[in-house]
Amino acid sequence: MTTAADGKDTQPALGYHQLLEQLGDVVFAIDSAGYFTHVTRRVRMLLDYAPEEIIGQHYEKYVAALWADHVRTLYTRILRGKDGESLVEVPMLHHSGRDVWVEQMVTPVYDEKRGVIGLAGVMRDLTGRSLTETELEKRISQLAALQRIDAELTHQLDIDYVLSMALDTALRLSTADAGGIELMREGELYTGMIIGNYPPEFLNRYPTPPTGIIERVLRERRPELVRDVKQDPDYHPNLSTTRAQMVIPLLSQDRLIGVLFLETRREDRFTTEVFEFIQLITTRIAAALDNAQLYDTTRQQLAELQNLYTQVMNLEQLKTDMIRIAAHDLGNPLTSITGFIDLLLDSEMTDNQHEYVQIVKESAQRMKKIIRDILSLQRIEELAQGSLSENVDLKELVQQLYETQKYQASHHNQVFTLDVPSFPMIVRGDAAQMREAVVNLISNALKYTPDGGEIRVRLWEEDDQFMFEVADNGYGIPDEQQVRLFQPFFRAKTSETIRIDGTGLGLHLVKNIIERHHGKMRFHSVYGEGSSFGFEIPIPM
């Protein structure tokens with residue numbers, strides 16, 4: 001510590017040589033003959049020589065032999081004034097005999113007459129930078145490997161290919177001698193892929209509950225690197241030459257789908273760095289295997305569905321054939337029966353006999369209606385995939401059917417009204433089917449409304465829909481029976497309607513027709529007050 005003129009303490013000024021010593025690089029000087037005249041103490045850290053061991057020695061003594069000519073040429077050109085400041089990377093000899101790569105910045109030293117009298121330079125250790133570059137190259141190589149793995153695995157859905165490619169990649173990058181991938185299904189392991197000289201009993205042991213180190217890894221869901229398998233009590237020897245083993249669980253979206261295990265007979269191959277890199281690979285492998293398994297499962301399910309679809313189609317065809325055969329076989333005898341019934345009714349009979357024959361006739365008519373309804377429903381199902389290409393005027397259709405039903409309404413003293421617009425209401429569809437739907441709804445209202453009741457038929461336009469409705473003040477339907485109204489062969493039954501004939505197919509038939517025309521059924525019913533049934537169909541654009 002020194003004191004300035006004003007009395008304040010000051011730090012002593014650093015001399016030139018002290019400043020050089022504090023620099024991180026080695027500073028040196030060489031005379032015109034090539035001998036060291038100065039070198040800083042940092043040289044001990046770089047080459048393990050004391051400065052006094054180097055000063056007075058020729059520079060070639062500390063340059064690697066193969067590089068001596070190159071350095072001599074460079075120094076000679078500078079000493080002769082042919083070159084100025086120069087930068088060179090050169091291996092220097094360490095005290096131990098090994099090479100130490102350094103970067104030298106060399107510049108000429110001039111006298112007062114501008115003559116070159118020597119060299120001054122700075123040496124910087126390149127070992128750290130070299131290691132960094134080596135590490136960087138290694139990381140780049142690893143990233144490139146990951147990209148190749150991703151490209152291969154993400155574009156493949158064949159489970160066998162993914163297993164083979166994944167295991168081969170893991171073996172090559174880890175330099176393992178053997179290994180395998182096992183897949184977890186319902187708590188048991190199945191061999192996915194095995195590479196190595198494993199005994200037959202090991203290859204044929206699955207499915208079986210996991211054991212040993214593999215069981216431990218699966219249970220804890222944590223990868224393990226066992227550097228000496230002989231020291232691990234859980235290890236089950238699969239290969240007599242194995243010295244180290246790494247076992248990594250395969251997790252995809254937190255689901256355990258299997259395990260990867262690798263074995264080597266050389267302990268030094270499975271380093272921590274290799275272990276960490278293989279863990280990076282297994283995340284890709286797990287995702288690819290999960291996708292491949294999902295694809296394989298989906299493909300199997302699709303094949304099963306296609307098989308079921310074929311069976312269903314065959315059954316549908318069988319059902320269609322049976323319906324046609326049954327309708328034909330029932331229709332012909334019924335025609336004969338009704339013909340002979342009419343003859344009986346025209347003959348002389350007692351009142352009781354006439355009543356009995358009339359009951360038979362009504363029963364035969366009900367059977368004929370059931371056959372017609374079944375055939376109509378079957379025809380709609382067959383045409384379901386067809387096009388609706390006719391222009392159907394709903395207004396004209398409803399008016400015609402209203403006229404045909406007026407007699408029945410008047411026969412029962414029912415108030416039967418019609419409310420339709422003055423303009424045509426054209427939809428694209430099947431005229432025969434629409435006629436069947438409308439007549440079903442009107443005849444149901446007439447049938448389930450007592451004598452003296454009221455039935456109102458309406459047709460109107462609302463928003464983008466044509467609306468049709470048949471409303472009555474008839475018997476109505478109990479709430480608990482309404483949920484099944486459109487099911488085939490279901491008939492709502494009450495004390496008032498139990499004697500009314502019907503097949504239970506009418507509303508189901510109407511619903512199928514309307515939905516085929518992209519429409520929707522509408523209904524509302526209150527038991528004891530009446531019902532309204534109808535539909536809405538989109539107006540063609």
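**Reading pockets, cores and helices**

Trainee: How much space lies in the largest pocket?

Mentor: About 940 Å³ of space lies there. Rolling a probe the size of a water molecule over the atoms shows where empty space is left. A pocket is an open set of points on a 1 Å grid over the protein atoms alone, where a 1.4 Å probe fits and protein lies on both sides within 12 Å along at least five of seven lines. Grid points are joined across faces, edges and corners, and the volume is the space filled by probe spheres set on them. This is a predicted model, in which local features need pLDDT of at least 70 and side-chain atom pairs count only at pLDDT 80 or more, while totals for chains, interfaces and linings use all residues. Residues are numbered from 1 along each chain as its sequence is written, and side-chain values use heavy atoms, with hydrogens and water left out.

Trainee: Which residues of the lining lie nearest the centre of the largest pocket?

Mentor: A lining residue has an atom within 4 Å of a point. The largest pocket has 38 of them, and Asn-444, Lys-447, Tyr-448, Asp-501 and Gly-502 lie nearest its centre. By class, 13 are nonpolar, 14 polar and 11 charged. Here Ala, Val, Leu, Ile, Met, Phe, Trp, Tyr, Cys and Pro count as nonpolar, Asp, Glu, Lys and Arg as charged, and the others, Gly among them, as polar.

Trainee: What is the volume of the second largest pocket, and which element gives the most to its lining?

Mentor: The second largest pocket has a volume of about 290 Å³. Its lining has 17 residues, of which Leu-183, Met-184, Arg-185, Gln-293 and Thr-297 lie nearest the centre. Helix H9 gives the most, with five residues. Helices (H or I, at least four residues) and strands (E, at least two) are DSSP runs, numbered from the N terminus. The chain has 14 helices and 19 strands.

Trainee: How many residues are in the largest nonpolar core?

Mentor: A nonpolar core is a set of buried Ala, Val, Leu, Ile, Met, Phe, Trp, Tyr and Cys residues joined through side-chain atoms within 4.5 Å. Buried means under 20% relative accessible area, exposed over 50%, and partly exposed in between (1.4 Å probe, protein chains only). The largest core has 37 residues, and Ile-442, Phe-468 and Phe-535 have the most contacts inside it. Helix H12 provides the largest share of this core, seven residues.

Trainee: Which residues is Ile-442 in contact with, beyond its neighbours within four places in sequence?

Mentor: Contact means heavy atoms within 4.5 Å. Ile-442 is in contact with Leu-401, Gln-405, Phe-416, Val-457, Phe-468 and Val-470, leaving those neighbours aside.

Trainee: Is Ala-431 buried, exposed or partly exposed?

Mentor: Ala-431 is found in helix H12. Ala-431 counts as partly exposed because its relative accessibility is 27%. Leaving aside neighbours within four places in sequence, Ala-431 is in contact with Glu-390 and Val-392.

Trainee: Why does Thr-169 count as buried?

Mentor: Thr-169 counts as buried because its relative accessibility is 5%. Thr-169 is found in helix H6, residues 159-174. The side chain of Thr-169 reaches the backbone oxygen of Met-165 at 2.8 Å.

Trainee: Which residues of helix H8 are buried?

Mentor: In H8 (residues 212-220) they are Gly-212, Ile-213, Ile-214, Arg-216, Val-217 and Leu-218. These buried residues pack against strands including S8 and S9. Arg-221 follows H8, and its phi is positive, near 55°.

Key. A polar contact is a pair of N or O atoms within 3.5 Å; within protein, one must be able to donate a hydrogen and the other to accept it, and residues adjacent in sequence count only if both atoms are side-chain atoms.
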